Amino acid sequence: MARNSIYQEETFPSPLIRLWHSFRETKVVMIGFSCFLFLFFLAVFAPILTPYSSVENNLDYLLLPPAWDVNGDVSFLLGTDNLGRDMLSRLMHGTSLTFGLSFVVVITSLVIGVIIGSLSALTKGIKSSFLNHFLDVILSIPSLLLAIIIVAILGPGLGNTLWAIILVLIPQFVHITRNAVKEEFTKDYVLASRLDGANSLRILSYSIFPNIIEKLISQATLAQSAAILDIAALGFLGLGAPIPLPEWGAMLSNGLGLFYTAPWTVYLPGLAILFSVVATNLVGEGMRHALKQSKES
Amino acid sequence: MKASMSHSFAIINSVMRKHFFIRGLLTAIALLFSLSACDSGNSTLLSAKSVIYCSEGSPASFNPQTITSGTSIDATANQLYDQLISFSAEDDELKPALAKSWHVTRDGKMITFYLRKGVKFHQTSYFTPTRDFKADDVVFSFNRILNPDHEYHAIAGVRFPFFDSVNFNSLVKEVEKINEYTVRFKLNRPDSSFLSNLASDYSVIISQEYGEKLSKENKHENIDLLPIGTGPFKLKEYRAGSFIRYYTHDNYWRDKPAIEQLVFDITPIDTGRLTKLLAGECDVVAYPIAHNKIAEHPLLTLDTVTSLNVGYLGFNTEKPPFNNKLVRKAIAYAIDRDAIIEAIYAGQADLAKSLLPKSSWAFSEETQEQVHSIETAKILLSEAGYPDGFDMNIWAMPVQRAYNPDALTMAKLIQADLKKVGIQVKIEGGYEWEVFLNLVRQGNHESVLLGWSADHPDPDNFLTPILSCESAGKGSNNTRWCHKEFDSLLQQALRTNSINQRKIYYAKALTIIAEEVPLLPIAHSKRYQARSNKVTGKLLNAFGGINFREVGKN
Amino acid sequence: MLNFTIRRLYLLFFTMFLLTLVSFSLSFLFPGEQLVNISGKVNATPAQLVLLAEQYHHHEGFFTQYWIYLQHIFDGEFGVSMASHLPISTEIINLLPATMELSLTALFIAMIIGIPVGFIAAIRHKKLTDNVILTIAMLGYSIPVFWLGLLAILVFSIQLNWLPSAGQISLLYEIKHVTGMQFIDILLSDSEYKWQAFQNATSHLILPACVIALAPGTLFIRLARTAMMEVLEKGYIRAAKSKGLTFNQIIYRHAIRNALINVIRHVGLQFANLITIAMVTEVIFSWPGIGRWLIESIYQRDYTAIQAGLLVLSSSIFFVHILTDFIYAALNPLARDSKHGA
């Protein structure tokens with residue numbers, strides 16, 4: 001039996017690798033994860049892959065039902081809407097908008113939140129208490145309400161909606177980073193590093209972050225499912241993406257007027273939202289489950 | 001001390017939690033029983049005596065004299081008021097209403113009305129009449145419009161757009177009371193559409209006694225906000241944007257309506273109205289969608305009526321480049337109207353060959369019809385000096401009307417059409433309906449998707465309000481177009497009573513419209529209404545607003 | 001308990017300060033003239049503007065203006081709606097009770113159903129029931145509420161004709177507006193159709209309340225499950241088992257009470273989430289509440305209304321939050337104050 005190394009080493013996998021291993025164990029979570037990857041792939045490549053344009057009108061094919069219906073047409077697999085636009089293409093393009101942008105939003109607020117959170121964890125005293133209370137207040141305002149107000153200030157439009165949701169999600173990350181970092185600071189290994197002479201920044205980046213990254217990712221998946229729902233809700237209320245863009249919530253709101261004559265224009269975007277949120281939540285569940293397991297072992 | 005406190009807390013907790021359910025349940029049941037006992041022996045369902053109509057918007061005012069929007073007319077005119085004369089639904093002939101009979105002199109310049117006796121005004125929580133309807137009320141109602149010194153002429157910035165658009169003030173010299181039940185109109189010139197205008201929904205009779213009472217209390221604006229009329233229903237309650245509640249007028253001079261309560265449920269979103277109809281929350285619905293579903297549904301009926309209306313794209317001829325005829329013509333050539341009929345009206349409308357629909361007696365076969373040709377459009381645009389196109393906006397009305405069930409989608413289709421000739425269109429108009437109308441009236445638009453539903457069968461009602469010089473900017477002429485020859489043709493047509501002569505004038509006028517293109521007529525459509533099978537009675541007419549006088553409920 | 005109360009009051013005070021500050025700054029941040037935003041008089045003539053400037057001390061510093069703003073709020077003066085020109089305080093008094101009626105009913109439903117189901121899932125941990133419940137909970141939590149509302153209307157209003165789809169009560173019933181909470185108003189009114197009105201109001205309330213209750217309900221399932229699982233591992237449960245208590249006795253006498261306490265503390269946080277969902281649901285079901293009014297104000301760019309609505313809504317949420325904190329502290333002495341010794 002060939003062996004690559006002579007010495008029997010014990011490998012200590014890094015926290016991320018351990019996470020991945022326990023992640024892989026649950027089948028349901030893996031399904032969720034592959035769906036998540038599928039959506040991600042769609043979000044990035046949709047503009048190339050769509051069979052038809054998602055914004056151009058196609059007046060010869062108005063309100064076609066999906067292909068499995070008697071009146072449907074195979075060339076328009078999921079039917080068309082009231083302006084003849086192909087539902088499949090719109091849904092795919094919508095992935096980039098609703099799902100893809102939610103991902104961008106989460107990453108942005110994660111980065112900003114973590115920075116603010118760690119900086120605030122380093123402060124003490126009145127400033128710290130003030131920030132704590134301020135965060136509590138912001139966290140107690142309903143997220144949709146806050147996003148709506150920010151959109152009201154900045155004006156409607158896709159860019160402003162994104163900024164609104166980013167601003168709404170940041171406090172969550174600040175809160176969790178702050179608590180996690182504060183908790184880690186009380187631990188011994190940090191004390192050891194400090195005695196070695198490391199300054200706060202070094203401790204943060206080398207020692208603490210790798211240990212809190214699981215919590216951050218777990219919170220990120222929660223934030224992403226919230227972001228998807230919020231982007232869709234704002235689109236539904238007409239405060240998000242401008243009219244021809246096929247954001248899923250806006251598609252749903254457009255389909256409302258056609259609810260009775262063309263119910264698929266309402267069902268399909270809703271299913272798309274449900275699917276992506278479930279996929280994100282499955283990934284999140286798996287993450288948290290893995291976290292718990294690694295804590296217990 | 002603390003231990004005993006927490007101990008007692010614990011006991012209270014456990015007691016509460018154990019018996020809470022039972023106690024709560026008992027209280028709830030007792031409450032429910034007390035309620036059912038409170039119901040007086042009246043076991044008839046309230047819904048059996050009432051009709052709920054889901055309408056598409058709030059009325060701007062409760063007095064038709066001051067408005068033109070179809071929504072406001074639907075809500076008020078035939079419900080609250082009567083006119084001196086009215087149109088019969090069957091044959092478009094004038095029939096007596098508040099006037100029993102009338103006499104027109106040979107020269108057409110004096111009309112005498114003999115009024116009906118025993119007509120009573122509404123009695124409400126805010127007004128109790130002490131006398132019946134008589135000539136003073138007619139004089140009061142019309143002098144309000146004619147006489148600038150009349151107490152109610154200029155209150156709260158009110159205006160009389162319909163009367164402006166038919167030049168009422170320059171036409172009528174005087175309204176005179178001859179005796180308690182006789183009134184005489186003296187005109188400055190004969191006008192063959194005068195009687196039709198008096199029979200329209202706008203020429204309502206309001207109560208002079210009420211006017212005096214309000215004047216004493218210094219609450220003049222209430223004459224339009226808390227209305228008093230002679231119509232089949234009286235106002236009980238109004239919540240703006242939400243609902244109007246009407247009670248039946250017990251002393252109505254015709255047969256009382258068969259129901260006790262009429263409620264207008266204001267639901268601007270068309271899907272919302274349909275949902276309420278399907279869920280049984282509305283009995284009658286305005287401007288329904290999904291006609292097939294309704295026609296197939298066993299418990300619902302789809303009413304249609306061939307309405308005298310037209311939907312059009314109007315250009316603001318005061319704003320460049322729309323002051324240039326070639327540009328207007330180019331846009332007219334570029335728009336694919338057949339596609340619009342397919343997409344917006346589901347094929348259930350007639351392509352507008354001219355401004356007047358075929359059912360109008362002044363329709364002329366000779367009017368040149370607009371054809372669809374992108375090449376011609378491009379040529380005309382280059383001739384006009386815009387070979388690469390330009391930017392423009394289209395204001396799309398935010399409500400459904402018979403002549404245009406979905407202006408927003410229509411605007412999108414036109415946007416796509418115009419893109420092919422290089423014109424970039426921005427779609428505007430997301431305002432509340434009355435706000436929208438006001439802004440358009442002030443000329444904020446470059447082009448607008450609007451339309452017109454006739455108030456009565458006389459063709460002048462189509463042409464003068466929409467395109468006359470008088471009406472430009474003040475009334476319903478949103479194109480602000482003023483063409484001397486066109487106007488003079490209209491006026492000449494009014495001065496004669498000969499139908500054939502008038503036809504000639506109107507044919508010429510329609511040709512001018514086709515050449516100058518101040519607006520592009522798109523379609524004439526039917527007016528639809530959906531109702532539950534429990535509701536009986538004819539509600540819709542070919543022209544004018546909805547009428548609940550004959551409604552009944554099974 | 002006193003210390004706890006004082007700390008909570010301090011938190012309340014601080015929060016109100018921040019909230020009013022944020023709401024006041026909004027009038028500067030919104031587009032348009034600040035005076036118009038704060039008073040709502042869109043068509044103000046120049047003379048009226050001067051008057052307003054005096055009323056709001058426009059020419060003085062930021063904090064003076066803020067103080068004046070606070071005084072206006074305490075007088076109940078929130079300005080006038082730009083869209084309807086009615087005083088906002090009237091609108092809020094009319095609308096807020098309706099939202100509270102709906103939200104509290106939804107909260108009640110979410111707790112009544114969510115908590116026992118969560119307990120069952122914990123008791124049957126790692127068995128089929130647990131997994132089924134968790135899956136359903138996850139689905140319920142992932143569904144977009146506006147889609148759920150539409151589906152509910154489609155199934156229950158249109159296809160089954162069981163429940164109405166819009167409004168608080170049928171327009172036919174003239175129930176005088178006393179508190180704004182339909183059920184109380186019906187009891188207090190003198191209409192001859194009380195029983196019919198009551199039935200009607202109930203049927204209008206059920207569907208939107210259930211739609212709102214789904215997502216928080218699933219959260220309660222998880223919270224209850226976690227709480228119960230934690231409690232079941234505790235020492236005193238094992239002690240009870242070894243004492244020989246039956247399963248039922250353990251659950252009903254000990255486990256539920258302690259698990260319930262742990263769940264109650266989250267109710268306050270859940271309420272903010274619930275109000276968000278309620279706002280969208282109000283739009284779908286045309287429920288005449290403050291959520292729908294706020295969203296319409298956004299469409300109509302009615303900045304005064306948005307300012308006032310934000311303040312009132314957030315304050316109500318925070319108030320409920322503090323209330324549940326008090327209840328939790330009353331039930332659980334351990335929560336009262338951990339830092340300063342008793």
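Buried residues account for 49% of the 554 residues in chain B, a share that refers here to a predicted model. Of the contacts in chain B with a separation of 6 or more, 69% are between residues 24 or more positions apart.

**The four-stranded sheet of chain B**

- In chain B, 4 strands form an open sheet with the order E4-E5-E7-E6, and their pairing is antiparallel.
- Strands E4 and E6 (172-179) of chain B stand at the edges of this sheet, and because each has a single partner strand, one side of each is left without a neighbour in the sheet.
- From one strand to the next, the twist of the sheet averages 20°.

**Strand pairs within the sheet**

- Strand E4 (residues 99-104) of chain B pairs with strand E5 (residues 110-115) of chain B in the antiparallel sense, over 5 bridges, and within this part of the sheet Trp102(B) stands opposite Phe113(B), a residue of E5(B).
- The hairpin of E4(B) and E5(B) has 5 residues between its strands, and in this hairpin Gly108(B) takes a positive phi near 75°.
- Strand E6(B) is joined by 6 bridges to strand E7 (residues 182-187) of chain B, the two running antiparallel, and Glu176(B) stands opposite Arg184(B), which belongs to E7(B).

**A helix on the sheet**

- Helix H3 (residues 135-146) of chain B packs on the sheet and touches E5, E6 and E7 of chain B, while its direction makes about 165° with that of E6(B).

**Where chain C touches chain A**

- On the chain C side, 30 residues are in contact with 28 residues of chain A.
- The elements of chain C that give two or more residues to this side are helix H1 (2-29), helix H6 (128-142), helix H7 (145-159), helix H11 (247-284), helix H12 (290-299) and helix H13 (303-331).
- The largest share of the side of chain C that touches chain A comes from H13(C), which gives 7 residues.
- Sorted by class, the side of chain C that touches chain A has 25 nonpolar residues and 5 polar ones, with no charged residues.

Methods. Residues are numbered from 1 along each chain as its sequence is written. Chains are lettered from A and ligands numbered from 1 in the order in which they are written. This is a predicted model: local features need pLDDT of at least 70, side-chain atom pairs count only at pLDDT 80 or more; totals for chains, interfaces and linings use all residues. Two residues are in contact if their C-beta atoms, placed from the backbone, lie within 7 Å. Ala, Val, Leu, Ile, Met, Phe, Trp, Tyr, Cys and Pro count as nonpolar, Asp, Glu, Lys and Arg as charged, and the others, Gly among them, as polar. A residue is buried if 20 or more other C-beta atoms lie within 10 Å of its own, exposed if 12 or fewer, and partly exposed in between; C-beta atoms are placed from the backbone. Two strands pair if DSSP finds at least two bridges between them. Axes are lines fitted to C-alpha atoms, for helices over the stretch in contact, and angles run from 0 to 180 degrees between N-to-C directions.
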